[in-house]
Amino acid sequence: MFYQTLERIITCDNIEEKFEMFYDMYSNLKDYDFASQKNPKVFEKPSYASFCKIVPPAKVPRRRGFDTPEKKAVLLHAIVHIEYSAIDLALDAAYRFRNLPKEYYYDWLEVAEDEIRHFKMMNDLLEKTGYKYGDFSVHNSLFEASLKTQDLLSRMAVIPRWYEANGLDANEKIINKLSRFNDSFANEVIEGLKIILKEEIPHVSKGDKWFKFECKNKNLDPVETYFKIIDNFFKDWKKKDLNVAARLKAGFTCKELKILNERVEC
Ligand SMILES: [Fe+2]
Ligand SMILES: [Fe+2]
């Protein structure tokens with residue numbers, strides 16, 4: 001029942017219904033059995049495909065400036081889309097990998113609950129600009145990354161430990177940019193981003209925990225294994241500004257941060 005329910009929530013494209021189904025399951029978790037003999041399904045398209053136009057990343061509207069309702073909406077729409085994608089990804093982490101300790105499922109459902117709150121918070125701000133989710137085109141890089149990571153080790157390395165960790169870096173940068181605008185709406189967005197930044201650190205550390213759990217199971221060195229997966233997945237990756245404090249809190253070691261960017265001081 002647990003996995004069937006998750007499947008229905010993940011594939012549901014009616015946002016209100018999706019959240020209702022989630023809260024219903026989340027508040028009755030003790031009634032569910034996480035053991036499973038079945039294999040997970042591979043979902044061919046993301047649930048937002050029915051209400052968002054999907055384009056390649058380079059074709060997504062550029063987020064430049066914050067001085068018109070449209071520019072505000074473009075930035076907020078991008079954040080709203082990341083939060084929405086993160087809901088399905090957290091649920092998919094719980095759905096896809098079977099017969100793990102109970103704590104694993106509780107961890108990712110807790111993340112999904114955070115992502116729903118993040119989505120609602122940023123979506124309320126987006127709607128204040130007069131736009132709504134689906135009004136701009138989006139890319140599906142996160143969904144594609146999830147398709148390519150069908151084992152626990154690479155999923156934990158690529159989604160929480162790469163993409164969500166990148167979010168820690170990006171969030172800080174957006175806060176810095178927005179604080180240059182003398183604009184009460186920008187301040188509201190900054191407040192939301194600060195909540196997200198604080199709550200995203202535990203998401204990355206949950207990824208860190210389960211990545212290391214799997215490394216231990218397979219007798220692998222975590223640092224070596226992480227960069228092997230990342231080098232293979234992203235080929236020519238280059239990292240610039242890192243949110244060192246947030247990444248250290250989330251479980252990255254100084255050694256790893258120096259590999260990501262040799263100029264990092266820690
Ligand atoms: Fe989030
Ligand atoms: Fe997250």
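User: How many salt bridges does the count come to in this structure?
Analyst: This is a predicted model, in which local features need pLDDT of at least 70 and side-chain atom pairs count only at pLDDT 80 or more, whereas totals for chains, interfaces and linings use all residues, and side-chain values use heavy atoms, with hydrogens and water left out. Residues are numbered from 1 along each chain as its sequence is written, while chains are lettered from A and ligands numbered from 1 in the order in which they are written. A salt bridge is taken as a side-chain nitrogen of Lys or Arg within 4 Å of a carboxyl oxygen of Asp or Glu. By this rule the count is 20.

User: How many residues apart in sequence are the parts that the pair of Arg 161 and Asp 208 ties together?
Analyst: Arg 161 and Asp 208 form a salt bridge whose closest N and O atoms are 2.8 Å apart. Because Arg 161 lies in helix α6 (residues 152–178) and Asp 208 in helix α7, the pair ties together parts whose separation in sequence is 47 residues. Helices here are DSSP runs (H or I, at least four residues), numbered from the N terminus, so the answer for this pair is 47 residues.

User: Which residues are linked with Arg 161 in a network of salt bridges, and is Arg 161 buried or exposed?
Analyst: Burial is judged by relative accessible area, with buried meaning under 20%, exposed over 50% and partly exposed in between (1.4 Å probe, protein chains only). At 0% relative accessibility Arg 161 counts as buried, and Asp 208, at 8%, counts as buried too. The network joins buried Arg 161 to Asp 208, Lys 212 and Glu 256.

User: In which helix does Arg 247, the partner of Asp 169, lie?
Analyst: Asp 169 and Arg 247 are both buried, and they form a salt bridge with closest N and O atoms 2.8 Å apart. The pair ties together parts that are 78 residues apart in sequence, since Asp 169 lies in helix α6 and Arg 247 in helix α9 (residues 244–249). The helix that holds Arg 247 is therefore α9.

User: Which residues coordinate the iron ion (ligand 1)?
Analyst: Donors are N, O and S atoms within 2.8 Å of the metal (3.2 Å for Na, K and Ca), and as water is not among the atoms, sites may look incomplete. In sequence the donor residues are spaced E-x31-E-x2-H-x81-E. Two of the residues, Glu 83 in helix α3 and Glu 115 in helix α4, tie together parts that are 32 residues apart in sequence. At 2.0 to 2.3 Å, the coordinating residues are Glu 83, Glu 115, His 118 and Glu 200.

User: How far apart are the iron ion (ligand 1) and the iron ion (ligand 2)?
Analyst: Glu 115 coordinates both ions, and Glu 115 is buried, as is Glu 83. The separation of the two ions is 3.8 Å.

User: In which loop is Asn 219 found?
Analyst: Asn 219 has a positive phi near 60 degrees although it is a residue other than glycine. Asn 219 is exposed, with a relative accessible area of 72%. Its loop is the one between α7 (184–217) and α8 (222–234).
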